[in-house]
Amino acid sequence: MYEHDVIVVGGGGAGLRAAIAAQEQGADVAIVTKLHPVRSHTGAAEGGINAALRDGDSWEDHAYDTMKGSDYLGDAPAIDTFAKTAPDEVIQLEHWGMPFSREDDGRVSQRPFGGLSFPRTTYAGAETGHHMLHTLYEQVVKRGIEVYDEWYVSNLAVTDEDDPNDRECHGVVAWDVQSGEIAGFEARDGVILATGGLGQAYDHTTNAVANTGDGVAMAYRAGVPIEDMEMIQFHPTTLPSTGVLISEGVRGEGGILYNAEGERFMFEYGYATNDGELASRDVVSRAELTEINEGRGIDDEYVYLDMRHLGEERITDRLENILHLAEDFEGVDGLEEPMPVKPGQHYAMGGVETNEFGETCVDGLYAAGECACVSLHGANRLGGNALPELIVFGALAGRHAAGEDMGEALIETGPSEELDREELGVPVGLPSEQSDTAEPAADGGEPVEDVDTRSSEEVVSDAEATEEERIETLLEREDGVNHADVRADLQTSMTENVNVFRTEAGLEQALEDIQEARERYQDVYVADKSRTFNTDLQHTIETRNLLDVAEAITMGALARDEFRGAHWRKEHQERKDDEWLKHTMVSWNDGDPELWYRPVILEGHEETYEPKNRSY
Ligand SMILES: Cc1cc2nc3c(=O)[nH]c(=O)nc-3n(C[C@H](O)[C@H](O)[C@H](O)COP(=O)(O)OP(=O)(O)OC[C@H]3O[C@@H](n4cnc5c(N)ncnc54)[C@H](O)[C@@H]3O)c2cc1C
């Protein structure tokens with residue numbers, strides 16, 4: 001068994017920032033990550049990082065834009081903390097050597113991004129995430145923070161009290177992808193989940209193959225509610241053949257969208273008569289799909305994004321990476337031709353419920369970054385707001401986990417009896433074998449009344465034994481269903497039914513498909529029996545995580561019978577503030593997911609936000 005004060009699961013932007021912050025508090029920190037840190041998906045981020053840095057801008061304006069962008073589903077204390085802290089965190093990155101693009105006078109460059117009232121997106125060419133990741137990783141190396149890279153965390157070591165609010169997290173169980181060794185990692189002070197996105201629940205996504213919602217699924221099964229899962233962002237400019245992202249930076253620099261008739265449809269058809277291409281992402285994605293559905297798309301599939309008029313010098317200076325992506329993945333020369341684009345899954349606004357310090361309702365368990373829902377982005381994330389989220393809330397989670405007293409949190413966490421609960425009545429039970437192996441209650445310890453009396457070490461070693469058994473069972477099976485078939489069917493159904501445009505029948509179909517996929521997953525088997533680099537085994541376990549998160553996304557989408565932000569419902573074309581100024585929460589409830597709600601917090605640090613009609 002390995003032991004550290006703080007264990008950070010994930011070596012992307014959020015995980016690295018959390019680890020640095022915890023180390024600065026004097027903690028012995030380790031990062032356990034299935035990919036080498038600089039291969040994390042943060043490295044794919046292109047466009048930039050929002051922070052109010054300039055005269056004429058203010059954190060209050062950034063907060064307001066974020067709340068408006070969220071379609072009033074963000075929590076004000078999270079938004080205010082974020083907008084206030086982002087400038088210091090960006091300056092910290094600059095001091096650590098991040099090579100930001102600069103103006104002639106030496107100031108860090110900023111460009112406009114969708115939904116922002118001020119050009120406040122700082123960037124490093126069109127490779128912002130890559131530079132950010134390397135800058136943070138340098139600090140991790142410099143500080144001697146231990147990194148267990150290519151270790152796959154498959155479960156959390158959590159006590160088994162009935163009420164999740166009484167549970168404690170003492171560590172994680174992981175296996176070494178290179179050798180197959182399974183080991184417990186005991187965390188004396190805290191575990192921080194920073195496992196990133198869940199885009200692999202869809203088949204057309206900008207997310208990497210590693211983005212399988214592992215942290216969300218593990219926390220969920222450990223009893224932590226997951227919040228606003230239905231709020232999935234579909235980015236308007238992805239390459240049709242692969243889902244590879246063409247950064248919003250292209251539109252920020254002045255790139256234009258047009259349809260098959262050569263019309264600049266954002267203005268021509270009144271989708272966003274002020275901001276046009278720089279309306280927020282949900283608005284632009286719906287506009288593109290409307291154009292395509294009404295017969296004005298190209299090949300009935302995509303529209304054009306044109307940057308030729310920006311000129312070669314500006315493009316190569318600020319968007320060079322985009323030229324390579326368009327050429328390599330679509331065979332298009334962006335200097336000479338418009339690029340084909342269509343909406344694709346991009347980001348999960350929801351995730352593990354946390355407060356502004358990254359705490360979950362399980363003592364000692366934290367989450368930060370894309371896997372967490374603090375809730376900052378509400379129903380729609382603004383472009384350039386995810387990277388600052390990683391550093392702001394990553395740092396807060398790291399410091400808190402390492403013991404810094406941050407006072408009383410303004411955001412509540414965990415299930416509460418007084419809150420509005422609702423059974424959906426959908427058949428969502430899990431196969432008992434899978435349910436047992438994943439449940440903290442089945443970690444091997446003897447349940448004693450409602451207090452788990454095991455020592456921290458026992459909780460971790462019991463969890464380790466359970467994982468060993470689970471993996472043996474999967475490897476022993478000689479034939480059955482291949483996880484890839486289950487995953488492919490899930491992705492197809494999610495893309496067809498839980499996309500930009502959602503209908504009641506489609507969502508119901510998706511829930512049925514997920515249930516069927518679960519049943520098939522009961523017979524899943526791993527063809528590769530080896531212990532080293534067994535990606536078959538890893539993907540099999542990841543597929544199970546995708547089933548859990550996809551189900552929560554779809555349940556939330558079906559329950560929320562209104563149109564808010566990225567969540568469009570054919571039968572419900574209005575935002576219903578009287579009924580729906582609340583977060584959808586899904587609790588695992590022994591494998592029988594339960595839906596309940598928590599009110600949105602509109603009262604911020606300085607003022608209370610008033611929901612307004614959102615137009616761009
Ligand atoms: C193509 C693209 C471009 C983007 N551009 C921008 C942009 O310009 N600006 C912006 O603000 N946002 C952007 N975003 C969003 C933003 O980049 C992401 O939300 C953010 O980088 C996620 O960071 P993270 O640290 O939460 O997760 P990641 O960077 O994905 O890191 C997750 C880490 O968790 C580890 N991990 C996962 N599961 C396990 C497990 N079971 N065991 C062990 N380790 C595990 C992985 O190895 C990885 O190290 C973009 C997103 C995409 C997909």
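Rings of Phe, Tyr and Trp, the last by its six-membered ring, form a pair if their centres lie within 6.5 Å. By that rule the structure, a predicted model, holds 14 aromatic pairs. The rings of W580 and Y597 count as edge-to-face because their planes stand at 85 degrees, with the centres 5.4 Å apart. W580 belongs to helix α17 (residues 577-580) and Y597 to strand β24 (residues 594-599), so this pair ties together parts that are 17 residues apart in sequence. Both W580 and Y597 are buried.

Ring pairs also join Y2, Y148, W151 and F185 into a cluster. Two rings have a charged residue over the face: K68 lies over Y616, at 4.4 Å from the ring centre, and R381 lies over Y347, at 4.2 Å from the ring centre.

The ligand is surrounded by 38 residues, and the closest are S40, T42, G47, E370 and L387. The shell divides into 15 nonpolar, 18 polar and five charged residues.

| Residue | Protein atom | Distance to a ligand nitrogen atom |
|---|---|---|
| G48 | backbone N or O | 2.8 Å |
| V153 | backbone N or O | 2.9 Å |
| D214 | polar side-chain atom | 2.8 Å |

On its own the ligand has 1000 Å² of accessible area, and the protein covers 97% of that area. The elements that give two or more residues to the shell are α1 (13-24), β2 (29-33), β7 (151-158), β14 (339-348) and α11 (386-401).

Technical notes: Residues numbered from 1 in each chain as written. Predicted model: local features only at pLDDT ≥ 70, side-chain atom pairs only at ≥ 80, totals over all residues. Heavy atoms only, no water. Near = heavy atom within 4 Å. Polar contact = N/O pair within 3.5 Å; in protein donor to acceptor, adjacent residues only side chain to side chain. Areas by Shrake-Rupley, 256 points an atom, 1.4 Å probe, with all protein chains shown as cover. Helix = DSSP H or I, 4+ residues; strand = E, 2+ residues; numbered from the N terminus. Nonpolar A, V, L, I, M, F, W, Y, C, P; charged D, E, K, R; others polar. Phe/Tyr/Trp six-rings, centres within 6.5 Å; stacked < 30°, edge-to-face > 60°. Buried < 20%, exposed > 50% of the residue type's maximum accessible area, 1.4 Å probe, protein only. Lys NZ or Arg CZ within 6 Å of the ring centre and 35° of its normal.
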